[in-house]
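Please examine the structure shown here with attention to confidence and to the contact between its chains. The explanation below takes these two topics in turn.

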Amino acid sequence: MEIGTGERNDDIRLTKLASCAGCGAKVGAGVLAQLLEGIRVRKDPDLLVGFDKSDDASVYRISDDLALVQTVDFFPPIHDDPYTFGRIAAANALSDVYAMGGEPKLCLNIMAVPKSMPDSAVHEMLRGGYETVYEAGALITGGHSILDEEPKYGLAVTGFVHPDKVLTNSGAQPGDVLLLTKPLGTGILTTAARAELVGASRAEETARLMMTLNKAGRDIMVKYRVHACTDVTGFGLLGHLTEMMQGSDAQARLDAASVAIPEEALALARNGILPEGMYRNRSFAEPYVDAGGIELAVQDALYDPQTSGGLLIAVDPEDAKAVFAELEGAVPCAQRIGVVEKYQGGKRIFLT
Amino acid sequence: MIDARGLSCPMPVVMVQKEVKKSDPSELEVLVDSMVCVENITRFANTHGFAVETKEAGGEYTLRLVKR
């Protein structure tokens, strides 16, 4: 494999090589559905979760007590430091397995590198990936690399879950409490960081959040009566919640004030420092959202595409207190953000 | 007049921000070529007390910011 020039260049700024950052590079939810229209979907009784449900990963039953969880995720650099980028990309890819209630086990690297990227940077990116996968208790067993003008990195992940314990994004029930395990704002803050508009400590904190595995949240929630779960990534909180409510045939009341959004991200939103993905998410989900009188900047943050975001959990109201108490301190930021209601036939999400 | 065509966000809005800080204009025209830039600059303008008028021609947008 010949990659890079082998030249040392410590001044490389990875994000300058990318036209859009992280999960912001995701194709919009509405567009994706259109692109797939008319393509025949083959059914299989053991395919418990497939393509048709816009879920985080597919799940295939191989026996009465074991199912495979499979997912793939990769994107262009969201951070200038290759090691940090590797860690974020890996944490983000692994997250889809956690969101299904599964445990990741086998990973394959997916990598694209430009000729101009130094070997040392590629090495660091991979080291970040391996360390994160090992932290998750999984293995990297191989991968595939190609030359490309823009660097990209991620993983194909295979995990396991008990077939009766699969958590989809379509099982939320009226009365469920909605929990979130990380603050929002990573799309706005990483966009601002590209223009050097974010201080070092905020940039570091944002990177740390994106590198944090959703393992702790997963390990706690599987002990409780969780009815639905997804991870908040490219479609933003409102995009993913819209999909969850559509899939569950329910509606949600979201208490915007209880969602953790860094003040710096709100200030940036007010100043028009917003990623393109935010607008894509808005045009997908806005028809389903009653924004009430919520400030535009807060709405924007709720549509902000997240990279390696937290778990969005719909839990039985009787278990909500206990699971929340356990999540606090174990996840970056446990938030109780709303409730699920019976669908009234109109909007899917009501902001209050 | 700021010509921010061909630049991807957030650069155009950053250029507008710099100009407003530097010369505190009562009027400012900005030329961009994407809706995302139009939206971003409009948000900035509204936050800083400007009314915005946008005209589109051939995929390019002229924003006229006028201090309220």
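**Confidence and the interface**

Over residues 1-10 of chain A, pLDDT stays under 50, and the model has 19 contacts beyond four places in sequence for this segment. The model is a predicted one, and the segment at residues 1-10 should be read alongside the values for chain A as a whole. The mean pLDDT of chain A is 92, with 93% of its residues at 70 or more.

We turn next to the interface. Chain A contributes 15 residues to the contact, and chain B contributes 12 residues. The size of an interface is often expressed as the accessible area that is lost when the parts come together. Between chain A and chain B, the buried area is about 1100 Å², and carbon and sulfur atoms account for 59% of it.

Which polar and charged interactions accompany this burial? Six residue pairs, both members at pLDDT 80 or more, are in polar contact between chain A and chain B. The count of salt bridges between the two chains is one. This salt bridge joins the side chains of Asp300(A) and Arg43(B), with an N to O distance of 2.6 Å.

On the side of chain A that touches chain B, at least two residues each come from helix H8 (263-270), helix H9 (276-285) and helix H10 (296-303) of chain A. H9(A) gives the most to this side, with four residues. By residue class, the side of chain A that touches chain B consists of eight nonpolar, three polar and four charged residues.

Conventions
Residues are numbered from 1 along each chain as its sequence is written. Chains are lettered from A and ligands numbered from 1 in the order in which they are written. Side-chain values use heavy atoms; hydrogens and water are left out. Contact means heavy atoms within 4.5 Å. Buried area is the accessible area (1.4 Å probe) that two parts lose on being put together, summed over both. A salt bridge is a side-chain nitrogen of Lys or Arg within 4 Å of a carboxyl oxygen of Asp or Glu. A polar contact is a pair of N or O atoms within 3.5 Å; within protein, one must be able to donate a hydrogen and the other to accept it, and residues adjacent in sequence count only if both atoms are side-chain atoms. Ala, Val, Leu, Ile, Met, Phe, Trp, Tyr, Cys and Pro count as nonpolar, Asp, Glu, Lys and Arg as charged, and the others, Gly among them, as polar. pLDDT is the predictor's confidence in each residue, from 0 to 100.
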